[in-house]
Amino acid sequence: MKNEPLKNNSLYKETDLKQELSRALHQLPYETGDPHLQATILLARKEACRMQTRERISFARFLKKQIPLIGWKLWGIQGVFLAAASRVLSDCSGYLISPPRLARLLFCLSVAVFMTALPLLYRSIRCQMQEIEAASRFSSVKLLLARLIVIGIGDIFLLGGLLFTATAKTALPADIAVIYLCLPFLLACGGCLFMLGHFPPGRFLAGSTLFCFALLLLFSVPLRQSALLFHPSYQEGRIILCVWLSVFCACQLRYIIKASSYGELQII
Amino acid sequence: MTREDKLIQKIEQGDLSAADELIAMYYPEILRYCLWHAPDRSLAEDAVQETFLKALRYFDRYTHRGKFRSFLYRVAANTCIDMQRKYGRPDISLEESAADPYYFEPAFEAVRSDMVLRQLVAGLPENQREIVLLRFGQDLTLRETADVLKLPLRTVQSRLRSALKSLKEELRHEK
């Protein structure tokens, strides 16, 4: 038998090619009533039953459960820190009459406030709490968010307490004290959130601790360049920096939720 | 509201028996897609099963805006990628080697022509092959194909044009 050539390809129209492609690519064998289809449906039903028997919990309820689990420990540590810091501010109020010294102290205290949460944050990253995720159907990212909220509540109270003590025990105006506390806190927060989203979990604690200690060094050593940060007349610049850092922190948080590899550790 | 919309609404309301019908609706095309990506039929069937189980598990993350098909194909594509990493790529040439190239009959000629086309498609670069399979093998629209592959629409159009041009050239050489 002669092997006739295929159709005249020089006249092959695109429409013909598309139709031929569609026909050729639809031709892999499939039988209706395939027993494997029934097996798949059965497995899907079992999976559906298994999912329905798992406890469903809202994010708010899950967040509330974090308080007896971890909240009281963190807030207890932060309460002790607040008492110690208030004592320092009260005892040193005479020595701190000089605004730059007071500014440096508040900057350092603010970074220290952020550092109180680092061990808890690292534990969350390291352990991932997979058992709780399996029970609550939460992703690693939502679990981290719950932890960040608990940490954030403690930090707000702690910073508020420092603000009250600083304005009560010294002559520092409240508006300036707020920025003296917010700016270094946001700086520490932004750097650590960046590391959370971009560093491997094992390097987060070392990286964030080093970063915070570097900030403490920068703010505590009376360098000429860093004096610009503390000068009362540069309040507007500090406010702009605070706004910029807030946006940066929000972007890093969004990155962690949407795009970082942190979410790859999800169970579901 | 289409039948698919009603089924998805039932599943969202907790009636998971509607999932049976949805699976039966999409099973043939997902199997056909997985057969293109699996070394053998058994692994393709496993991939199909895994696709539907994952789709069910991740269903609460899917917000229905008429794009369930794209969602399902995305799950299938990722499942096939995992499978290929584990078991290797399919060898389409084995399917075609059984045919005798010198035996002629009109009906057989059409079959042989289809086999040649499938081999040519299998020989395309991966980024073009996937688009051709989704567009012509699975009847997805260009927009759905772009959604599944997470590419801009223009990129999909451009790669499809290149693929069709390559296929035309190859068919000319086949003569």
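Author: In this predicted model, the axes of helix 2 of chain B and helix 4 of chain B come within 10 Å. They cross at roughly 30°. Helix 2 of chain B is therefore roughly parallel to helix 4 of chain B, because angles under 35 degrees count that way. The crossing of these two helices is right-handed.

Which residues make the contact? From helix 2 of chain B come Tyr26(B), Ile30(B), Tyr33(B), Cys34(B) and His37(B). Helix 4 of chain B supplies Leu72(B), Ala76(B), Cys80(B), Met83(B) and Gln84(B). By class, eight residues of this contact are nonpolar and two are polar. No charged residues take part.

Is His37(B) buried or exposed? His37(B) has 20 other C-beta atoms within 10 Å, so it is buried; the cut-off for that class is 20 or more. His37(B) and Ala47(B) are 10 residues apart along the chain. Their C-alpha atoms are separated by 9.4 Å.

Now stay on helix 4 of chain B, residues 68–87, and turn to another partner. Helix 4 of chain B also packs with helix 8 of chain B, residues 142–149. Here the angle is about 45° and the axes are 8 Å apart. The two helices are therefore oblique to each other. Helix 4 of chain B passes helix 8 of chain B in a right-handed crossing.

Arg69(B), Ser70(B), Tyr73(B), Arg74(B) and Ala77(B) form the helix 4 side of this contact in chain B. They meet Glu144(B), Asp147(B) and Val148(B) of helix 8 of chain B. The residues of this contact divide into four charged, three nonpolar and one polar. Recall that the contact of helix 2 of chain B with helix 4 of chain B has no charged residues.

Next, the loops on either side of helix 8. Asp139(B) is in the loop between helix 7 and helix 8 of chain B. Asp139(B) has a positive phi of about 60°, although it is not a glycine. Most residues other than glycine have a negative phi. With 13 other C-beta atoms within 10 Å, Asp139(B) is partly exposed. Lys150(B) is in the loop between helix 8 and helix 9 of chain B. Lys150(B), not a glycine either, has a positive phi of about 55°. How many other C-beta atoms lie within 10 Å of Lys150(B)? There are 9, so Lys150(B) is exposed.

Helix 7 of chain B covers residues 126–137, and helix 9 of chain B covers residues 153–174. Their axes come within 9 Å and cross at roughly 95°. That makes helix 7 of chain B roughly perpendicular to helix 9 of chain B. On helix 7 of chain B, the contact uses Asn127(B), Gln128(B), Ile131(B), Val132(B) and Arg135(B). On helix 9 of chain B, it uses Val156(B), Arg159(B), Leu160(B), Ser162(B) and Ala163(B). This contact has five nonpolar, three polar and two charged residues.

Step back to the whole chain. Chain B has nine helices and zero strands. Of its 175 residues, 34% are buried. Take the contacts in chain B with a separation of 6 or more: 59% are between residues 24 or more positions apart.

Chain A gives the setting for comparison. Chain A has 11 helices and zero strands. Of its 268 residues, 29% count as buried. Among contacts in chain A between residues at least 6 apart in sequence, 83% join residues at least 24 apart.

Helix 3 of chain A, residues 59–91, has a kink of about 55° centred on Ile70(A). Buried residues in helix 3 of chain A include Gly71(A), Leu74(A), Gln78(A), Leu82(A), Ala85(A) and Leu89(A). The other detail is a histidine. His198(A) is in helix 8 of chain A, residues 174–198. His198(A) has 16 C-beta neighbours inside 10 Å, so it counts as partly exposed.

Terms used. Residues are numbered from 1 along each chain as its sequence is written. Chains are lettered from A and ligands numbered from 1 in the order in which they are written. This is a predicted model: local features need pLDDT of at least 70, side-chain atom pairs count only at pLDDT 80 or more; totals for chains, interfaces and linings use all residues. Axes are lines fitted to C-alpha atoms, for helices over the stretch in contact, and angles run from 0 to 180 degrees between N-to-C directions. Helices (H or I, at least four residues) and strands (E, at least two) are DSSP runs, numbered from the N terminus. Angles under 35 degrees count as roughly parallel, over 145 as roughly antiparallel, 65 to 115 as roughly perpendicular and the rest as oblique. A crossing is left-handed if the near helix is turned anticlockwise from the far one by less than a right angle, and right-handed if clockwise. Two residues are in contact if their C-beta atoms, placed from the backbone, lie within 7 Å. Ala, Val, Leu, Ile, Met, Phe, Trp, Tyr, Cys and Pro count as nonpolar, Asp, Glu, Lys and Arg as charged, and the others, Gly among them, as polar. The bend at a residue is the angle between axes fitted to the seven residues ending there and the seven starting there. A residue is buried if 20 or more other C-beta atoms lie within 10 Å of its own, exposed if 12 or fewer, and partly exposed in between; C-beta atoms are placed from the backbone.
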